[in-house]
There are 2 protein chains.
Amino acid sequence: MLAAIMYGPGDVRIENIPDARITQPTDAIVRTTYASICGSDLWPYRGYAEFGAAGRPMGHEAIGVVEEVGAAVRNVRAGDFVAMPFAFSDNTCVHCQAGIHTSCLHGGFFGNSEVGGAQAEAIRIPQADGTLVALPGGADEALMASLLTLTDVMATGHHAAVTARVAPGKAVAVVGDGAVGLCGVIAARRLGAEQIIIMGRHEDRIALARRFGATDVVSERGEEAVEHVRKLTGGYGVHAVLECVGTDQSMQTCLSIVRPGAAIGRVGVPHEVDIPALAPTFVKNLTISGGPAPARAYMDELLHDVLEGTIEPGLVFDRVVSLDEVPDGYRAMDERKALKVMVKM
Amino acid sequence: MLAAIMYGPGDVRIENIPDARITQPTDAIVRTTYASICGSDLWPYRGYAEFGAAGRPMGHEAIGVVEEVGAAVRNVRAGDFVAMPFAFSDNTCVHCQAGIHTSCLHGGFFGNSEVGGAQAEAIRIPQADGTLVALPGGADEALMASLLTLTDVMATGHHAAVTARVAPGKAVAVVGDGAVGLCGVIAARRLGAEQIIIMGRHEDRIALARRFGATDVVSERGEEAVEHVRKLTGGYGVHAVLECVGTDQSMQTCLSIVRPGAAIGRVGVPHEVDIPALAPTFVKNLTISGGPAPARAYMDELLHDVLEGTIEPGLVFDRVVSLDEVPDGYRAMDERKALKVMVKM
């Protein structure tokens, strides 16, 4: 079957690899219909990773049709239309019960040498009963993009908002105008935020943020951006920040724009980030939270809203490519010519 | 009037200084009846501070009787028996309304050259209407120690438990067997924790922790302590940790004994602490919270429980000194010969 393999920074190739096959009775094989490229795929693309000679199978976001299930699988069957969250989990262990599916005792992540990637014609799903979520068969083609976002980007934006304790009446800032940040805007609005400040300066992204519910835009950088946020919040700063980037600069911005008692929900994977222990975190009674989103935990409620049409996160996709064109998709996202790329099989 | 002044590490003296007097119409003067020495007073005592030639007035925990009020004060009057939280606040500003009184827009801290210390015969209370809390006149002498703890140590232990999200059914660890940690045990039990693990090895403190509700004791150090906590929690680690020390070692212990999704409530003022940004904080979806306790916010509910006799935090005092003997009190706490020292005027 065909699959995207990354061999080093900037080097993604579509290769013919052995077909995905069941190795455990709890596995299922899903034939992908749509996959996508994640902002986190750009970290190795930009050199933040080690590469073996065999390369790295890429992708962890897909929807598709179950092709085959292992002997122990009960909840899904061949022919089911399903979504796969970016982490697999049994959905029953103590950590899953606590809603932290990304720390499942029998779980793990897609897109590595042990478990293949989703940017491929098919993928093996470990812990299929816990991992896969059935989607309505015959769903409208126009819904596919939004359904696909539930596997990661929309769930991640939602996790940022939940861990930042967004609630009705709160002033919220979203740091990062990438696809996760934009989904964070959707989530913040959905959770009732009164003010949603998007920090960014790409016109098309800002326009989408406004469509998603952003009430204010801060396009400055550095100290000017901080001043602008203060001005927008009566001089106090925001109650909640969604940290959707993961750099030290973005974290310092978060720490500069919050009021005392605020919470920062981090979903950008941190790279060389410094979290100061005393000021302002301790002094201002800040809460630092977040991590890899337990997409599985959020799937039901977000799926409901997508099917009802009350949220439309699929709008973050601004380019569709075929599997063959995946390397172009990476290039476009790396060069910021595309916000997020969908792969139609 | 007599007051404790610190001139440098290890150098506390009782000096005759000008009487406390009203400087703002919102001030009150309180004649202290009981004050105490705080674990945080030991930081400058051990050299973690700058000292001017005039020295530093010490103390920020006291109860006493209002002697005089400024023209704008409405809520208290001369003769009232009151408690002063360790920070003063107007109790009305946006941050006070949010329960973060230690960040009050018109607030500040006691025990510095601008606002005197509480280890003194009297003290000026800025923002008296917001700061002072009336205590029942004629309260039993046996209650005084517990009432005194509401000004800081009990409120701080409670803040650790609140920010660590202690709740019924949770497994909780308390790192630090000082007076704050012991009050953290009281708070964790009060909030319904199922399991309360005290980490410490001083026999008398452990005995008190057990009396306060600790269910388990971990006396080992380092990796053995971590293993012991894991064993006590089914291999998973705790849901909540109360960080009541503030050193890098204590923080690393906290990070090692938590399960995914856990919260760490920090109340030990951090000194040279490193909070790692990626693992385990982000990877395990940990929440880091806490800071200076908004004692004023907690006063009513904790006072209720002290008066009802359902909590008895005053037991943390194991030595009573006169104002003249305050330097001995510092020495005893520094040498760990006393857990916490009460100053009876």
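Start with the whole of chain A: the C-alpha centres of its domain 1 and domain 2 lie 27 Å apart. This is a predicted model, where local features need pLDDT of at least 70, side-chain atom pairs count only at pLDDT 80 or more, and totals for chains, interfaces and linings use all residues. Residues are numbered from 1 along each chain as its sequence is written, with chains lettered from A and ligands numbered from 1 in the order in which they are written.

Now colour the domains. Select 2-152 + 294-344 of chain A for domain 1, and 154-290 for domain 2. These bounds come from an automatic or database domain assignment.

Next, look where they touch. Here 18 residues of domain 1 of chain A are in contact with 15 residues of domain 2 of chain A (C-beta atoms, placed from the backbone, within 7 Å). Select helix 10 of chain A, residues 295-308. With four residues, helix 10 gives the most to the domain 1 side. Helices are DSSP runs of H or I, at least four residues, numbered from the N terminus.

Move on to a helix pair. Select residues 153-163 (helix 5) and 179-190 (helix 6) of chain A. They pack at an angle of about 60°, with axes 7 Å apart. Axes are lines fitted to C-alpha atoms over the stretch in contact, and angles run from 0 to 180 degrees between N-to-C directions.

Last, show the side chains. Among the contact residues are A:Val153, A:Met154 and A:Gly157 of helix 5 of chain A, and A:Val180, A:Cys183 and A:Ile186 of helix 6 of chain A.

Key:
Helix = DSSP H or I, 4+ residues; strand = E, 2+ residues; numbered from the N terminus. Contact = placed C-beta atoms within 7 Å.
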